[in-house]
Amino acid sequence: MGDQATGFWMRLAGLAGLALLGACGQGQDRDAAGADSELPAPVPVASVDAPVESPTLTAIKRRGRLSCGVNQGLVGFAYLDNRGQWRGFDVDFCRGLAAAIFGNPDAVRFVPLTASDRFEALADGRIDVLWRNTSWTMERDTGGTLSFAGVNYYDGQGFLVRRALNLNSAAELTGARVCVQAGSTSALNVDDYFRSRAIDYRSIVLPTEEAARLAYGREDCDAFSADVSALAAARTTLSDPQQHVILPDVISKEPLGPVTRRGDEQWTAIVRWTLNALILAEELGVTQANADASAEGSRNPGVHRLLGTEGDFGTRLGLPRTWAADAIGGVGNYGEIFERNVGSQSPLDLARGLNAQWNARPGGLIYGLPVR
């Protein structure tokens, strides 16, 4: 019995050894599999909070001003006033970005661009950000050169026609000549609309929005098709705006927003969060007039995080602690920017519509991401 017991324990030890070797082998197999799958190494915790240097931001600071690409001239969005000063919805977002960086909304140079040359200007470094009624599309977003930082205006394409035509719908434009600008999604959207309905039409493509508008004004075409906001702006420039109507048809979705160069994600984040700060400020009731008082007197922790009196979110962007407060103090919140440029306080008098805050009545699509 003693020999049998000894043999039993020896066999048991052998099995345990084999199991241990097997476990070690499995660990090696897992290591090999991990290497083959090229999984990234864990990011050290300390590096998560460290600001990443942005080459674009470094160049802007060295230069002393932001370079912002805008429309050549679109009433309400980007245009030169009677004193030669740039004004407009997109222009104010550029100024807000300059204020976030320098504490000065005037530290910006505006570069007027056509739809055809806007992306080239961004790619070759003539501008730091493109804020020029540009639609966020899959082709542009996946092309490898552009990064969209957000949406500051939800639009859609429509048709401007003469009231004398007595039209109720774009579907009645059989055989019509339709003016559109080159280098935009407008011509493609028009073709999709009429082709899907088997309606004959003639597309007249002009090099710029201004050229398309002037051609429509000369009656070289029966309709002018562009974003509804652009049509509203174009109508104000015609000799008798009341003789022209925007048809109720909206034939596309046009999410318009700022564009940056692909490859500098920190800079894209700066643009994104500056836009978001201006949106969030409206939701939180922070205005250009009360930003300073809110920073000290508000009981809302979200207001304190936004304005830099709690936390240090500016450092994450490579900006001052007061980056958002500076942007809001420079140009106001999203609602203020909207109303004075394209809303009730402007000649365009556009309703908020989809560009209302998400919690308004009726609600829109404008939604501030949390700063926390």
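Q: What is Asn 189 in contact with, leaving aside its neighbours within four places in sequence?
A: Asn 189 meets Gln 157, Ile 251, Ser 252 and Glu 254, where contact means heavy atoms within 4.5 Å. A word on the ground rules: this is a predicted model, in which local features need pLDDT of at least 70, side-chain atom pairs count only at pLDDT 80 or more, and totals for chains, interfaces and linings use all residues. Residues are numbered from 1 along each chain as its sequence is written, and side-chain values use heavy atoms, with hydrogens and water left out.

Q: Where does Asn 189 lie, and what separates the C-alpha atoms of Asn 189 and Ser 252?
A: Asn 189 is part of helix α7; helices (H or I, at least four residues) and strands (E, at least two) are DSSP runs, numbered from the N terminus. Although Asn 189 and Ser 252 are 63 residues apart along the chain, their C-alpha atoms are separated by 6.7 Å.

Q: Why does Asn 189 count as buried?
A: Buried means under 20% relative accessible area, exposed over 50%, and partly exposed in between (1.4 Å probe, protein chains only). Asn 189 has 15% relative accessibility, so it counts as buried.

Q: What makes Ala 233 buried too?
A: Its relative accessibility is 1%, so Ala 233 counts as buried. Ala 233 sits in helix α9 (residues 228-237). Beyond four places in sequence, Ala 233 is in contact with Leu 74, Val 75 and Leu 348.

Q: Why is Arg 261 called partly exposed?
A: Arg 261 has a relative accessible area of 23%, and therefore counts as partly exposed. Arg 261 belongs to strand β14 (residues 259-261).

Q: What kind of peptide bond joins Arg 361 and Pro 362?
A: It is cis, with omega of about 0 degrees. Pro 362 lies in the segment after α15.

Q: Why is α10 described as it is relative to α15?
A: α10 and helix α15 (residues 334-341) pack at about 95 degrees, with their axes 6 Å apart. Axes are lines fitted to C-alpha atoms, for helices over the stretch in contact, and angles run from 0 to 180 degrees between N-to-C directions. Under 35 degrees counts as roughly parallel, over 145 as roughly antiparallel, 65 to 115 as roughly perpendicular and the rest as oblique. Therefore α10 is roughly perpendicular to α15. Leu 278, Ile 279 and Glu 282 of α10 make the contact with Tyr 334, Gly 335 and Ile 337 of α15.

Q: What makes a set of residues a nonpolar core?
A: A nonpolar core is a set of buried Ala, Val, Leu, Ile, Met, Phe, Trp, Tyr and Cys residues joined through side-chain atoms within 4.5 Å. The largest nonpolar core here has 73 residues, and Phe 89, Leu 97, Trp 131, Phe 224, Trp 267 and Leu 306 touch the most other members. Helix α10 (residues 265-284) gives the most to this core, with ten residues. Apart from it lies another core, of 15 residues, among them Phe 159 and Phe 194.

Q: How many helices and strands does the protein have, and what share of its residues count as buried?
A: There are 15 helices and 14 strands. Of the 372 residues, 47% count as buried.
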